[in-house]
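Here are my notes on the model, as numbered points. Please read them with the structure open.

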Amino acid sequence: MKPRPAALRAALTTLTAAAILASVLTTGPTAATAAEVPQPQTAAAAPTTADLSGDIIAVPPTASTPSSRRSTGATTQSESTQSESAQSESAQSQSAQAASTVSVEKIYVSRAAATATTADDSSSLKLDDASIKAAVSSLHDYWWEQSSHTVDIQLAGIENDSLAQKTCDANTTLNGVSAKAFGGSFANFSWINTHRHLLVLSREACGTVAFGTLGGNGGLIFSGYGTEQSLAVPILLHEFGHNLGFQHANAGFCRSAKVFDGTDDDFSLVPANTTTSVQCPVREYGDYADIMGYSLNGARPGLSSLQRSLAGYISDVTDDSAVGTRSFTIKPLSGSASGRSLRIVDPVSKAVYYVEYRIKSGADASNAEFAGYRQNCESITGGFTLCALGSSATSGSVRILRTLPNSNDSRTYPATVVLAAGLDSKNDPTRRDTHLDKGESFTDYGSGFSLKVTSLNPSSGAVVSVRLGTAPTFSAKKPATAATTTTLKVNRATQTYGSSTRITATARVSDREGGIPNGTLTLKRGGTTVSKGAVPKNGAVAYTLPKTLAAGSYALKATYAPTSEAFAASTSSTVKVAVTKAKSTTSSSLSHTKIARSGTPQVAVAVSAPGVTAPTGTVTVSANGKVVKRYSLTSAKKGRVTLSLPKFTTAKKYAITTSFIGSTSTASSKASAGTLTVTK
Ligand SMILES: [Zn+2]
């Protein structure tokens, strides 16, 4: 779907000025099948941290009470080892102390006609009572299971509301309906802390946008997707997650070919397709294996173990923070066996990580990671590529998550980040995905935590070896540098000395994906460097041979030298080119055709060659084939000279010819000057 970010955001800010951040959901394509690549839309929301701080200020005090919906999390965490992360995980700390209770979440559905006319109503939205009940039932089933039976969504009522907009505007619709629906019981944020939710489903497709309020123990949701489209329920699940206090599930890529992690300060949300200097840019929605990430048709993946732990939905989190090397078996997160998450505190840096094993079963049966989609990759500044999808549906994969620093307040859980720590079969550290396969390893920023995936078995679980402390890191799949290719092409193979039609050689370097690596591109002609400089944005450098390059054959070669270990050097094959001599023309004429033996005959010689202003070289004059005069033509003569011939002692006829022997740049040529008759 294509939300209109600016307009939507502005209106939402108005709506929620006194309370809660509303969030815009972006989704994948509307018609993706297993054979297609899901192409997520650009994230519409601005960085969450900024919006949160802006919205929190005016929250009524009653709304900031920590939620009572959180059930007991059996996460046995040691406060003393939490360090820097302790603050951002305050919600989790509370969850450990909270009582295990079932929270009943009442959902009120408004079937809203935004416009008075029915001509623009969409029949494919399916807003009959039975369809709405089925959708709410799906909402219930999903969250009941994900919350470990502590969130109980119940349908409280369905009613019809109508507005008189000229066209359906999503924000105006939600504003208008929430002011009057169900007797005004959702007006003025009266839903906060009531565990009541107003779901507004427009009869019109209404721009096919959806959004929900974040936090508040209750909330508002708008969806233009109805109940039965393939995105309808995934979107409702996601928006309801916001109402429950969940932020987006993101993906983080640390821009280094060696360290796939960063400090808290290194991570920051960065909009897609922007240049960034952030060390670990975080892509909003980038976690496809979490309902709070991108919504894709039919995909209803579970929440990550980190999200569930934050909310106290999961109690079988194993803690590890003691120095040493141990092996753990992590059970599939979508299963029921205990031991589904590993919580690691790096004893050196105190950073907190969650490790989980996801397989294609249970809620994750529809997880897009296992749907057979091709990898979905996007460029990150600096020649790096963040990929998603492509986990093995047979073996599943291991994921490492952390919270996004400074992303929560008292009414929300922190946003989550799945780390792009995995290499694919190309073994290219500049191109990574968000899961670890068997044999892959991860070492955190502080180097106090290393993990290697020993085996993956959907029945028995994932076995990981964890090293904590300062022991040597695992020898694991070594990141390779990315291969590059340098090519050299010429527009022609020969040029003639002095001619303006010249040889241009173009050197070009790229990586396997067609990306342009950083580094230096050098062009050599034989042993001479003729061009050297930083690789330009288009990866290509052109060099044109000089017009007056001496005739001969030359070997051209281009070399790429990388500036970082991320890319490998490469050299083009040698391209041979030739410079041919300029063609010369000699003309000559005698001063006399008849002369006495006492006379001194003269012959005027002119040598010319196109493109050559002053041919140089030896000129000879022959009489009946015998050289009688040899002269060295200098450039000062500009190709013209008049030569005096020696006296002839024998009276007879002589055939006088002139030759230009040529030079390194100019070919030879000759001419007849005519017949000279020598008399007594
Ligand atoms: Zn969202």
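1. Does arginine 411 count as buried or exposed? Arginine 411 counts as buried, at 6% relative accessibility. Buried means under 20% relative accessible area, exposed means over 50%, and partly exposed is in between (1.4 Å probe, protein chains only). The residue sits in the loop between β16 (397-403) and β17 (416-419). Its C-alpha atom is 5.2 Å from that of glycine 215, although 196 residues separate the two along the chain.

2. A word on the source. This is a predicted model, in which local features need pLDDT of at least 70 and side-chain atom pairs count only at pLDDT 80 or more, while totals for chains, interfaces and linings use all residues. Residues are numbered from 1 along each chain as its sequence is written, and side-chain values use heavy atoms, with hydrogens and water left out.

3. Look next at glutamate 369. It is buried, with a relative accessible area of 5%. Its place is the loop between β13 (352-358) and β14 (376-380). Proline 301 is 68 residues away along the chain, yet the C-alpha atoms of glutamate 369 and proline 301 are 9.0 Å apart. Helices (H or I, at least four residues) and strands (E, at least two) are DSSP runs, numbered from the N terminus.

4. Valine 282 belongs to strand β9. Its relative accessible area is 0%, which is buried. Asparagine 250 lies 32 residues from valine 282 in sequence and 6.4 Å from it in space, C-alpha to C-alpha.

5. Where is helix α6 kinked? The kink is centred on valine 177, in a helix that spans residues 170-184, and amounts to about 40°. The bend at a residue is the angle between axes fitted to the seven residues ending there and the seven starting there. Val177 is also one of the buried residues of α6, which include Leu174, Ala181 and Phe182. At the start of this helix, a side-chain oxygen of aspartate 169 comes within 3.3 Å of the backbone nitrogen of asparagine 171.

6. Now the nonpolar cores. Such a core is a set of buried Ala, Val, Leu, Ile, Met, Phe, Trp, Tyr and Cys residues joined through side-chain atoms within 4.5 Å. The largest has 44 residues, and those touching the most other members include Leu139, Trp143, Phe240 and Tyr313. Helix α5 (residues 129-146) gives the largest share of this core, six residues. A second, separate core holds 33 residues, among them Ile344, Val355, Tyr357 and Val464. In soluble globular proteins, nonpolar side chains tend to be buried together.

7. How do α5 and α7 pack? Helix α7 covers residues 232-243, and the two axes are 10 Å apart at an angle of about 55°. Axes are lines fitted to C-alpha atoms, for helices over the stretch in contact, and angles run from 0 to 180 degrees between N-to-C directions. The two helices are therefore oblique to each other. Angles under 35 degrees count as roughly parallel, over 145 as roughly antiparallel, 65 to 115 as roughly perpendicular, and the rest as oblique.

8. Most residues other than glycine have a negative phi. Asparagine 193 has a positive phi, near 65°, and asparagine 273 has a positive one near 60°. Asparagine 193 is in the loop between α6 and β4 (196-202) and is partly exposed at 28% relative accessible area. Asparagine 273 is in the loop between β8 (267-269) and β9 (280-283) and is exposed at 63%.

Notes: A polar contact is a pair of N or O atoms within 3.5 Å; within protein, one must be able to donate a hydrogen and the other to accept it, and residues adjacent in sequence count only if both atoms are side-chain atoms.
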